[in-house]
Amino acid sequence: MAPLNQTTSNPILNVLKDTQYTWLVTGAAGFIGSNLCFFLLENNQRVIGFDNFATGLEHNIKDLRASSFSKNFEFVHGDIRNLESCTKACSGVDFVLHQAALGSVPRSIADPLTSHAVNVDGFINMLKAAVDSKVKRFVYASSSSVYGDSPELPKVEARTGNVLSPYAATKAINELYASVFQKTYGLSCVGLRYFNVFGPRQDPNGQYAAVIPRWTAALLDNKAITVNGDGTTSRDFCYIENVVQANVASALSPNLPNTHVALNVAFGQQTSLLDLIGQLGQLLQVTPQIQHGPFRNGDVLHSLANTSLATSLISYTPKYSFEEGLKLAVPWYVANHAQLSVNAR
Ligand code: NAD
């Protein structure tokens, strides 16, 4: 992550040059949360990171603490299922960027109760804490999974389908609660429907890891890649810096209506899994070995976003295409492969 003017042309973010705010980033030890912390700190903001390390990595927090701007960083080891911890963390905060959750459709199918407890009970705790602390805005991670079985492409925010997994249900419930909290308590809320985010610091390890880091690690270890289905499944892969921009611009935007909004955050480009594997092979200069498994229960076949609502409300201008993002992410995985392999053990 680099300072503002190198990463984005979004004019809303210029406010950061003149004003130092206090931000609470939940899920700060995770992939998206740690990248948000780095960006905000590099742009002279004060950041409180909050995490219980359920899936987040301690070395992300160590890196933040070791950075040159660590004087503006505070870390709270806590669980969003505990209201008191959420209330303490929100005290004196201007903006909340709520990322903490248990991701992964298969994880939620294997253990729906824990996904619900974290993603729904934890979420409403954070909303309540944000209201009590009178935060200026609550921006939170929703998901493209709320589009469920809707076949429409590209996806537009107003038209969702029936959700296909417990994980998707938790994100749909998040949107409902955020909308109710805005109406009832006047808490300004923005939900960001992320579409397959990727980039540095995304964990390649474990059975629930996302495909880009998992397959990159497999190729670096000369292992075969397992594709669920025939590989024609497609996704709108979105590089992390676009997602960071969307979060910060959502918090600062003066152009939002007085009602809750949910916005697509993606690049707006469809890539099949076979295309992805081809590009990973090229960048790593290897010939991927592929084995096919059954298509996964709860997954959607195709995904592609229309991002014009985000453009009009938060001036969202994704700077990195899938190919540009992959050219930045893959060298990071190569450089950090040894360290990440140690974490896997
Ligand atoms: P991640 O697993 O890397 O980060 C989630 C973080 O939340 C972890 O650090 C974890 O330890 C923390 N956490 C989990 N339970 C907690 C609890 N009870 N209390 C405190 N902290 C807790 O995942 P990510 O990819 O960075 O995802 C961030 C958010 O974005 C999540 O809400 C996820 O559902 C959403 N999302 C991600 C993607 C994607 O492609 N990565 C797509 C759609 C939505």
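Colleague: In this predicted model, is the crossing in which α11 passes α13 right-handed or left-handed?

Modeller: Helix α11 covers residues 273-284 and helix α13 covers residues 322-335, and their axes lie 10 Å apart. The two helices pack at an angle of about 50°. Where α11 passes α13, the crossing is right-handed.

Colleague: Which residues is Ala329 in contact with, leaving aside its neighbours within four places in sequence?

Modeller: Ala329 belongs to helix α13. Its relative accessible area is 1%, and Ala329 is therefore buried. Beyond its sequence neighbours within four places, Ala329 is in contact with Phe198, Gly199, Pro200 and Tyr239.

Colleague: What distance separates the C-alpha atoms of Ala329 and Ser315?

Modeller: Ala329 lies in helix α13. Along the chain, Ser315 and Ala329 are 14 residues apart. Their C-alpha atoms are separated by 25 Å.

Colleague: Does Gln285 count as buried or exposed?

Modeller: Gln285 sits in the loop between α11 and β13 (290-293). Although Gln285 is not a glycine, its phi is positive, at about 55°. Its relative accessibility is 73%, so Gln285 counts as exposed.

Colleague: Where does Asn222, with its phi near 55°, stand in accessibility: buried or exposed?

Modeller: The loop between α9 (211-220) and β8 (225-228) holds Asn222. Its phi has a positive value in a residue other than glycine. Because its relative accessibility is 70%, Asn222 counts as exposed.

Colleague: What is the omega of the cis peptide bond that joins Leu153 and Pro154?

Modeller: Pro154 is placed in the loop between β5 and α8 (166-185). The peptide bond joining Leu153 to Pro154 is cis, with an omega of about -10°.

Colleague: Which strands stand at the edges of the open sheet, each with a single partner strand?

Modeller: The open sheet has seven strands, paired in parallel, in the order β3-β2-β1-β4-β5-β6-β11. A strand at either edge has a single partner, so one side of it is left without a neighbour in the sheet; these strands are β3 (73-77) and β11 (261-265).

Colleague: What angle does the direction of α7 make with that of β5, where α7 packs on the sheet?

Modeller: Strand β5 (residues 137-143) is joined to β6 by six bridges, and the two run parallel. Within this pair, Val139 stands opposite Val190, and Tyr140 has Gly191 as its bridge partner in β6. Packing on the sheet, α7 touches β1 (22-26), β4 (95-98), β5 and β6, and its direction relative to that of β5 is about 165°.

Colleague: How many of the six residues of strand β6 are buried?

Modeller: Cys189, Gly191 and Arg193 point one way from β6, while Val190, Leu192 and Tyr194 point the other way. Residues on both sides are buried. Strand β6 (residues 189-194) is largely enclosed by the rest of the structure because the number of its six residues that are buried is six.

Colleague: Is α5 parallel, perpendicular or oblique to α7?

Modeller: The axes of helix α5 (residues 83-90) and helix α7 (residues 112-132) come within 8 Å and cross at roughly 40°. That angle makes the relation of α5 to α7 oblique.

Colleague: What are the classes of the residues in the contact of α5 with α7?

Modeller: The crossing of α5 and α7 is right-handed. Leu83, Cys86, Thr87 and Cys90 of α5 make the contact with Asn125, Met126, Lys128, Ala129 and Ala130 of α7. By class, the contact of α5 with α7 comprises six nonpolar, two polar and one charged residues.

How values were computed
Residues are numbered from 1 along each chain as its sequence is written. This is a predicted model: local features need pLDDT of at least 70, side-chain atom pairs count only at pLDDT 80 or more; totals for chains, interfaces and linings use all residues. Side-chain values use heavy atoms; hydrogens and water are left out. Axes are lines fitted to C-alpha atoms, for helices over the stretch in contact, and angles run from 0 to 180 degrees between N-to-C directions. Helices (H or I, at least four residues) and strands (E, at least two) are DSSP runs, numbered from the N terminus. Angles under 35 degrees count as roughly parallel, over 145 as roughly antiparallel, 65 to 115 as roughly perpendicular and the rest as oblique. A crossing is left-handed if the near helix is turned anticlockwise from the far one by less than a right angle, and right-handed if clockwise. Contact means heavy atoms within 4.5 Å. Ala, Val, Leu, Ile, Met, Phe, Trp, Tyr, Cys and Pro count as nonpolar, Asp, Glu, Lys and Arg as charged, and the others, Gly among them, as polar. Buried means under 20% relative accessible area, exposed over 50%, partly exposed in between (1.4 Å probe, protein chains only). Two strands pair if DSSP finds at least two bridges between them.
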